[in-house]
Amino acid sequence: MLNTFYIENYGCQMNIYDNELIISILKKNNYYYVDNIFMADLILINTCSIREKAETTIHNRLLYINSLKRKTSKIIGLIGCMARRINSNYYFKKKFLDFILGPDQYRELPNIIKSLNDNRYFSNIILSNEETYSDIFPTKIYNRNKITSYVTISRGCDNMCTFCVVPFTRGRERSKSPNNILKECKRLYNMGYKEITLLGQNVDSYLWTKKNYIKKKIKKTSRDKIVNFSNLLELIAKNIPNMRIRFCTSNPHDMSIDVISTIKKYNNICKYIHLPVQSGSNRILKLMNRKYTRLEYIKLIELIKNKIPDCAISYDIITGFCTETEKDHIDTLNLMEYIKYDFGYMFCYSHRKGTYAYNKLKDDVSIEKKKKRLKEIINLQRKHSYEILNKYVNTIQEVLIEGNSKKDKNYWFGRNSQNTLVVFKKKNEKIGDFVNVKVLKNTSATLIGERIK
Ligand code: SAH
Ligand code: F3S
């Protein structure tokens with residue numbers, strides 16, 4: 001009889017949230033979560049497909065886990081974004097795995113585990129058109145400080161950026177009901193959480209419509225039939241005024257003026273937007289099917305900065321997408337120079353099987369060029385981050401204390417509204433306190449300050 005399980009996580013915040021859902025589902029069925037792979041009867045590997053490197057890491061890890069399996073007859077299940085992709089690799093799955101499940105099938109886990117026997121192997125990846133986990137409250141195991149937490153508001157993506165596997169691995173976009181989201185946030189607040197991050201591949205296209213209500217047969221007055229992202233933010237901000245609210249990811253194409261106004265209106269909504277641009281070249285944006293031009297993107301940022309001058313902005317950029325020339329790359333550097341982002345996440349392009357780019361375009365930028373361009377972007381960002389953080393020196397920042405500073409246990413670390421890391425010497429505070437910190441100096445990633453009364 002199997003009764004202990006362990007989950008190994010790869011990938012994004014969505015997977016972290018999903019792991020907590022899985023733990024909740026399995027616990028209800030009398031399985032015990034252990035955080036040690038050797039103690040587990042069942043090992044779940046929650047996977048990521050976004051770039052080739054993620055998949056290679058997981059392949060290598062499976063080789064190791066397979067050696068454990070041979071010695072101790074553990075059951076190994078691969079779940080998450082690689083599920084569909086690895087399912088077509090017959091040799092691989094037979095050799096290493098007992099079952100494979102896609103991101104919409106975790107409710108089936110208890111039944112699948114029970115039905116496994118020596119000869120039976122399960123894999124039948126189905127993606128759902130509906131939000132599958134709306135009524136499950138995740139068991140919190142990550143962020144052990146119990147101060148910050150994720151809340152998924154939508155799943156999947158309909159945007160079809162030509163480089164991206166997400167629409168194929170996670171399926172169509174669907175939103176969770178606003179009532180369930182609010183309930184989950186309130187519950188977290190009552191448990192002592194001080195900050196939540198609302199998660200979706202594309203939070204701005206969050207939409208709870210009449211159709212959803214009809215499907216779920218919930219009676220509502222016509223007034224509250226449609227809830228968009230701005231309405232949802234407002235609903236949470238108003239109802240839980242002492243909870244800090246963050247969200248991720250905003251797609252420039254879908255972000256509305258209403259959302260910007262709501263962020264401005266509520267003190268408890270953090271002044272920080274992650275707004276992936278991917279490239280500064282119009283030609284590349286078009287090839288990526290990003291649905292906005294460089295100018296539209298700049299206009300959006302100007303609008304944000306006009307309305308919320310202290311709003312921090314970060315980005316994702318891909319270097320070396322198919323056919324990217326040196327001129328396209330310079331367009332990206334110029335855009336960064338113009339906008340001066342607070343920070344960013346940058347990646348070398350990875351050609352992913354199944355995407356439009358893989359089928360129709362050539363991965364023709366050499367790895368050396370991709371890396372060289374990446375380095376230039378990293379260096380420019382470091383310079384900008386230092387300059388931007390330097391402007392905080394001598395200002396007073398409200399910081400939510402999240403834990404001990406990694407470098408020195410005599411210091412706390414936390415973040416301000418803009419999501420910048422702040423460290424300062426401990427006095428009599430505790431984790432979860434909001435405190436005012438005067439910034440004394442900075443690096444390119446951190447503000448260093450002292451607590452003031
Ligand atoms: N929903 C988010 C993106 C999720 S994927 C959005 O709208 O931007 C996170 C980031 O991974 C993307 O923003 C992109 O920069 C990067 N990414 C996605 N596919 C990639 C690929 N094939 N190669 C390199 N980076 C990729
Ligand atoms: Fe991927 Fe574009 Fe959606 S990057 S997750 S297809 S917005």
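The legends below describe close-up views of a predicted model.

**View 1. Surroundings of ligand 1.** Ligand 1 has 16 residues around it, of which Phe163, Gln201, Gln278, Asp316 and Ser350 come nearest. Sorted by class, this shell holds seven nonpolar, five polar and four charged residues.

View 2. A polar side-chain atom of Arg51 is placed 3.1 Å from an oxygen atom of ligand 1, while a backbone N or O atom of Gln201 lies 2.5 Å from a nitrogen atom of the ligand. Ser350 likewise brings a backbone N or O atom to 2.8 Å from a nitrogen atom of ligand 1. Ligand 1 taken alone exposes 530 Å², and 90% of that is buried by the protein. Strand E15 (312–319) and strand E16 (343–348) are the elements that give two or more residues to the shell around the ligand.

View 3. The residues around ligand 2 include Cys157, Cys161 and Cys164, together with Asn159, Met160, Val166 and Pro167. The shell around ligand 2 divides into seven nonpolar residues, three polar residues and one charged residue.

**View 4. Packing of helices H12 and H13.** Helix H12 (residues 294–307) packs against helix H13 (residues 326–339) at an angle of about 15 degrees, and the two axes are 11 Å apart. Because angles under 35 degrees count as roughly parallel, H12 is described as roughly parallel to H13. Their crossing is right-handed.

**View 5. Packing of helices H10 and H12.** Helix H10 (residues 257–265) and H12 pack with their axes 10 Å apart and at an angle of about 25 degrees, and these two helices are therefore roughly parallel to each other. The crossing in which H10 passes H12 is right-handed.

View 6. Most residues other than glycine have a negative phi, and most peptide bonds are trans. The peptide bond from Cys248 to Thr249, however, is cis, with omega near 10 degrees, and Thr249 has its place in the loop between strand E13 (244–248) and H10. Gln278 is not a glycine, yet this residue has a positive phi of about 75 degrees.

Conventions: Residues are numbered from 1 along each chain as its sequence is written. Chains are lettered from A and ligands numbered from 1 in the order in which they are written. This is a predicted model: local features need pLDDT of at least 70, side-chain atom pairs count only at pLDDT 80 or more; totals for chains, interfaces and linings use all residues. Side-chain values use heavy atoms; hydrogens and water are left out. A residue is near a molecule or strand if one of its heavy atoms lies within 4 Å of it. A polar contact is a pair of N or O atoms within 3.5 Å; within protein, one must be able to donate a hydrogen and the other to accept it, and residues adjacent in sequence count only if both atoms are side-chain atoms. Accessible areas come from the Shrake-Rupley method with a 1.4 Å probe; for residues, only the protein chains shown count as cover. Helices (H or I, at least four residues) and strands (E, at least two) are DSSP runs, numbered from the N terminus. Ala, Val, Leu, Ile, Met, Phe, Trp, Tyr, Cys and Pro count as nonpolar, Asp, Glu, Lys and Arg as charged, and the others, Gly among them, as polar. Axes are lines fitted to C-alpha atoms, for helices over the stretch in contact, and angles run from 0 to 180 degrees between N-to-C directions. Angles under 35 degrees count as roughly parallel, over 145 as roughly antiparallel, 65 to 115 as roughly perpendicular and the rest as oblique. A crossing is left-handed if the near helix is turned anticlockwise from the far one by less than a right angle, and right-handed if clockwise.
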